[in-house]
Amino acid sequence: MTLIKDGYFSQTELAQLPGMPSRERLHEGPCVVIECAQQIPCDPCEAACHEGAIEIGDSIINLPKLDPSKCGGCGLCIAACPGQCLFVVDMTYSDTEGTVQFPYEFLPYPQKGDTVHGLNRGGDIVCDAEVLKVLHPKKFDHTAVITVSVPKEYAMEVRTIKIKGNHHG
Amino acid sequence: MNHVELAIIGAGPAGLSAAIEAASVGVQTIVFDENQQAGGQLFKQIHKFFGSRAHQAGARGIDIGKNLLGQVAASGAEIKLDTVVWGIFEGNKVGVVTNGRNVICKADRILLATGASENVLAFPGWTLPGVMGAGAIQTMVNVHRVLPGKRVLMIGSGNVGLIVSYQLLQAGAEVVALVEAMDRIGGYAVHASKIKRAGTPILIRHTIKEAVGNGKVEQATIVQLNDNGNVIEGTERTLDVDVICMACGLSPLAELAWLAGCRFTDVAPLGGLLPVHDDNMQTSLPGMYVAGDIAGIEEASTAIEEGRLAGIAIAESLGYLTTTDATVKKQAVNDRSEQLRDGPFGITRREAKETLIRRSLET
Ligand SMILES: Cc1cc2nc3c(=O)[nH]c(=O)nc-3n(C[C@H](O)[C@H](O)[C@H](O)COP(=O)(O)OP(=O)(O)OC[C@H]3O[C@@H](n4cnc5c(N)ncnc54)[C@H](O)[C@@H]3O)c2cc1C
Ligand code: SF4
Ligand code: SF4
C-alpha cells in the first residue's frame, strides 16, 4: 500500500517522514506526528507552533521537520494544518491505553464520554475509542480537535473516528 | 458606464485582485460578473487553503473571498453583478447586458478574468439527470445547501475530485467510490488521505463504463483498466448510486479572447488552448490582458497573484504608477507566485507559464 496509489501511508513511508518522532520519543510523553509527505507549497504548521518544534525553512515546499525535544504535545498546531495531517499521540496515558488527538470537520461532533469506532488511515474500523475531549474554539476556525483514548497498540493506527451508526468518518 | 479606464470581466479571485491593485492607485475600474454574487469560485471553497502566510494559508476560501471584497470596496472599484459580457469589438468596446439593457462600454484597458469551464466525460448514460460536474455540485452543496443525492460515484482524483468528495461527506452524502484512470492519485495526498480515512474507496486504474436508470441515475458500472488504459474484460462492477460527479479537469473559458482576436497557443499542463500573454499578463492585442484560470488552469492563490500583476501593469501603462514603483510591486508578486509554482506539483506549471510567455514574443 502506498500513498499515491491508495491514499495512505505504508509503514515504510511513514518511518521516512522528517515529521515522525521515534518510538522511544513517543513513549516519553505526548508528541506531534506530522504525516506530511509531499512537497506542496504550504507552511502554516511552522507558525502555529510557538515552541519552534516544526521547521519548514526558506522554501515553503520543504517538508515540515520536527524537533521532538521541543514538542510538548499541546495540539495547537492541529487545526492550523489545511492538510489535516497533524496528530498528537500520547503513549503514556495509562498502562494499556494511549491517546490520539486529531482534526475533525463532520457534524454532529461526538460528546465527551462517547464510545466511538476508531478508524485507521485506510478507513477500516480497528477498535473502540473513548472520546476524552472535543475542542472547537473560534481560533480553530471550524476544525474541531478531538482527543480519544485507544488501546496502546492502536495509537499509531487510529487517525479518525466514526460515530456508531453514521456512515462517514 | 459608456467609458471607463479599466473594464474587468469576471469577479473571481483574479478579477477582484486586479481591481484592488488598479483602483487603489486611481485607475477608474469597473468589474462585470454574470453571477449574483462576486467572488467567483471562492465562495464555494469552504476548506482551508495551502500556501504561505503571504497567501493567507490556513484560511478558508470563502474567508479569502470576503477579505478580497472588503479590499475592493476600499479601493473604489465598482462591481456590476448580474451583468453578462457577450462580446468584445474593435476599439476595445465591451458588449454588456445589465438590468436587461444592452450597453456598449468603451474601455482603455480590458482584463479578461473569466475563469474556466469544466471538462466532461461522455459515456453511455451520461445525459441522465444525476450526472453532474464537480463545480455544479460544489455550488449546490456549499452555496445553496442542497444535497444532489445520497450515494455518489466520483470520477477523477485531482484536487477538485478529492476536495468535492470530502465536502460531499461533510454534507452527509456517501461517496461510494472514487475512480481514477491513471495509475496514481492526481491531487495532493493529504486531500486523498482525508477521504480515505473517512472510508471512501479510491480506485486507481478504474473508470466508468455506463450509467443506467429510469429517467435518472440509479446505477453505475465501473471497470478496471490495464496499464495501457484499456478495459479489462470481466472486471465490471455495478454500484447503486444516485449521483455521478465528473471532476475531469478544467479548460480556460476563453471565448471572449477568441472573439477579440487574441493569438492562442496550446499548452497542455495549463489546460490546453489559451491566449498567449507576456510577463505583464498582456495578450497579443495591446491593451487586452488576461489573468487567472483563463491564462492557465491553476488555483485560486495563483489567480490572485496574476490578477495583482495585471492590475499593477495596467496602472503603470495608464500612468498611475511610475515604472520604478511598478517594478518593485511586480517583483513582490512574482516572488510569491514562484513560491506557489514550486515542488513536484508546481514545477510543471512554472515551466508551462514560461513557455506561454516565450511564445507571446514570437510573431
Ligand atoms: C470544484 C473546484 C474546486 C477548487 N478548489 C480549489 C482549491 O481548493 N484551492 C485553490 O486554490 N483553487 C481551487 N480551485 C481552483 C480555483 O477555484 C480557480 O483556480 C480560481 O477560482 C480561478 O480564479 P479566476 O478568477 O480565474 O476564475 P473564477 O473564480 O472562475 O471567476 C471567474 C468569474 O468570471 C465570471 N464570468 C465568466 N464569463 C463571464 C462573462 N462572459 N460575463 C460576465 N462574467 C463572466 C464568472 O461568473 C466568475 O464569477 C477549484 C476549482 C474548482 C472548479
Ligand atoms: S503539539 Fe504543540 S508543541 Fe507540539 S508541534 Fe504542535 S503546537 Fe508545537
Ligand atoms: S500545514 Fe500541514 S499540510 Fe501544510 S506543510 Fe504543515 S503539515 Fe504539511
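Is Glu105(A) buried or exposed? At 12% relative accessibility, Glu105(A) counts as buried, where buried means under 20% relative accessible area, exposed over 50% and partly exposed in between (1.4 Å probe, protein chains only). This is a predicted model, so local features need pLDDT of at least 70 and side-chain atom pairs count only at pLDDT 80 or more, while totals for chains, interfaces and linings use all residues. Residues are numbered from 1 along each chain as its sequence is written, chains are lettered from A and ligands numbered from 1 in the order in which they are written, and side-chain values use heavy atoms, with hydrogens and water left out.

Glu105(A) sits in the loop between strand 5 (97–104) and strand 6 (115–119) of chain A; helices (H or I, at least four residues) and strands (E, at least two) are DSSP runs, numbered from the N terminus. Its side chain makes polar contacts with the side chains of Gln84(A), at 3.0 Å, and Thr143(A), at 2.8 Å. A polar contact here is a pair of N or O atoms within 3.5 Å; within protein, one must be able to donate a hydrogen and the other to accept it, and residues adjacent in sequence count only if both atoms are side-chain atoms.

Thr96(A) belongs to the loop between strand 4 (86–90) and strand 5 of chain A. Thr96(A) is exposed, with a relative accessible area of 54%. Its C-alpha atom is 9.9 Å from that of Ser149(A), 53 residues apart along the chain.

Then there's ligand 2, whose surroundings include Cys49(A), Cys71(A), Cys74(A) and Cys77(A); a residue is near a molecule or strand if one of its heavy atoms lies within 4 Å of it. By class, that shell has eight nonpolar, three polar and one charged residues. For the classes, Ala, Val, Leu, Ile, Met, Phe, Trp, Tyr, Cys and Pro count as nonpolar, Asp, Glu, Lys and Arg as charged, and the others, Gly among them, as polar.

**Chain B: around ligand 1**

Ligand 1 has 31 residues around it, and Asp33(B), Gln45(B), His47(B), Asp293(B) and Ala300(B) come nearest. The shell splits into 13 nonpolar, 13 polar and five charged residues. Here are some distances from a side-chain N or O atom to an oxygen atom of ligand 1:

| Residue | Distance to an oxygen atom of ligand 1 |
|---|---|
| Asn35(B) | 3.2 Å |
| Gln41(B) | 2.9 Å |
| Gln45(B) | 2.9 Å |

The protein covers 92% of the 990 Å² of accessible area that ligand 1 has on its own (areas come from the Shrake-Rupley method with a 1.4 Å probe; for residues, only the protein chains shown count as cover). Domain 1 (3–117 + 250–360) and domain 2 (120–246) of chain B both give residues to the shell, so ligand 1 lies between them; the bounds come from an automatic or database domain assignment.

Helix 1 (13–23), strand 4 (84–89), helix 4 (159–170) and helix 7 (300–317) of chain B each supply at least two shell residues. Helix 7 gives the largest share, three residues. In strand 4, we find Gly87(B), which is buried at a relative accessible area of 0%.
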